[in-house]
Amino acid sequence: MNTGIVIKNMNGYFYVQDGDGIVHECKVRGRLKKDKYSLLVGDYVEFSDENLIESILERHNSMVRPAVANIDQVVLVVAAHDPDINILLLDKMLVMIEHADIPIVLCINKYDLADDKTHEILELYQSVGYTVITTSAYMNTDIDKLRHVLSGKVTAFAGPSGVGKSSLLNAVDPKFSFQTGGISEKIKRGRHTTRHASLFSLDAHSFIMDTPGFSAIEFNDVSLERLPTLFPEFGDYVSDCKFSPCYHDHEPVCGVKTGIESGLIRESRYQSYMSIREEIKNQRKRF
Ligand SMILES: Nc1nc2c(ncn2[C@@H]2O[C@H](COP(=O)(O)OP(=O)(O)OP(=O)(O)O)[C@@H](O)[C@H]2O)c(=O)[nH]1
Ligand SMILES: [Mg+2]
Ligand SMILES: [Zn+2]
């Protein structure tokens with residue numbers, strides 16, 4: 001029996017890459033068929049010499065949109081400028097990935113355009129505890145750092161449109177030719193309305209996925225109780241809250257609010273927290 005990872009699902013075939021980097025065009029064994037639609041890109045499978053998928057190995061995690069399994073990490077890309085970093089949007093994306101419980105590396109691209117404001121943002125997210133790398137696809141700067149982050153892992157690239165996700169991937173490996181410049185790619189995406197994500201192989205053990213930008217983030221799924229736990233830096237202070245659960249809002253004796261007053265928790269993060277909290281409350285009212 002052979003093993004490999006499903007990198008693409010097209011026209012009823014599953015494309016499975018083995019440990020030597022060879023891709024096999026596989027069908028699903030009859031008895032697995034009833035589960036056919038639950039077989040995801042990213043799944044590790046066993047397949048026969050006749051290219052029949054016999055079983056799915058244990059899954060570490062899965063996402064619905066995009067439909068993919070076993071993502072090791074998300075590289076969340078923003079740009080120093082053009083488009084400028086929108087702190088609230090960035091915090092919303094971080095919250096959604098934290099909610100999916102997937103490790104995050106923040107990448108500030110277009111660092112050739114960086115200024116004092118960019119350095120402040122870099123310092124802010126480092127202080128929160130995130131791994132932050134800075135790159136320039138344009139100047140080909142620090143692409144090695146990104147390659148190092150990607151090595152041996154299955155990585156989803158996420159981030160707003162135009163920040164340079166596709167440009168970065170092309171810089172990481174010259175064999176890639178992702179379309180850049182934004183618009184054309186979006187049209188392409190719209191026309192094909194791809195239902196399945198694909199993984200692109202960097203080497204036999206490293207895969208990447210270029211994820212559509214999070215254009216409409218909805219927090220339907222995130223409860224008011226869970227939200228504060230998705231801000232990792234709040235965790236050190238909740239033990240000083242008098243109430244449990246504490247929403248760190250109007251409650252007296254709140255560790256998080258004390259943390260903000262003493263400058264240990266950043267004001268902008270708390271503002272994002274309160275904005276998202278309001279958004280969740282308003283979504284509730286509509287139903
Ligand atoms: N100055 C500068 N421009 C860059 C850099 N990286 C990418 N760009 C430019 O930014 C624009 C958008 O880059 P893309 O790679 O298409 O961005 P994307 O994130 O893939 O965008 P979508 O596919 O729409 O989500 C292009 O015109 C790139 O040439 C960089 O490091 N510095
Ligand atoms: Mg792109
Ligand atoms: Zn509190």
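Residues are numbered from 1 along each chain as its sequence is written, and ligands are numbered from 1 in the order in which they are written. Because the model is predicted, local features need pLDDT of at least 70, and side-chain values use heavy atoms, with hydrogens and water left out.

The zinc ion (ligand 3) is held at 2.1 to 2.4 Å by Cys241 (SG), Cys246 (SG), His248 (ND1) and Cys254 (SG); donors here are N, O and S atoms within 2.8 Å of the metal (3.2 Å for Na, K and Ca). Their sequence spacing reads C-x4-C-x1-H-x5-C. The four donor atoms subtend angles of 103 to 118 degrees, so the arrangement is tetrahedral (four donors, all angles between 85 and 135 degrees). Cysteine 241, at 12% relative accessibility, counts as buried, and cysteine 246 is buried too, at 8% (buried means under 20% relative accessible area, exposed over 50%, partly exposed in between, with a 1.4 Å probe and protein chains only).

The loop between β13 (206-210) and α6 (255-261) holds proline 245, and the peptide bond reaching that proline from serine 244 is cis, with omega near 0 degrees. Valine 253 is also found in the loop between β13 and α6. Valine 253 has a positive phi of about 55 degrees, although it is not a glycine, and is exposed at 54% relative accessible area. For context, most residues other than glycine have a negative phi, and most peptide bonds are trans. Helices (H or I, at least four residues) and strands (E, at least two) are DSSP runs, numbered from the N terminus.

Elsewhere, the axes of helix α1 (residues 87-99) and helix α2 (residues 116-128) come within 13 Å and cross at roughly 30 degrees. That makes α1 roughly parallel to α2 (angles under 35 degrees, taken from 0 to 180 degrees between N-to-C directions of lines fitted to C-alpha atoms).

Technical notes. Predicted model: local features only at pLDDT ≥ 70, side-chain atom pairs only at ≥ 80, totals over all residues. Tetrahedral: all angles 85-135°; square planar, octahedral: opposite > 155°, others 65-115°. Parallel < 35°, antiparallel > 145°, perpendicular 65-115°, else oblique.
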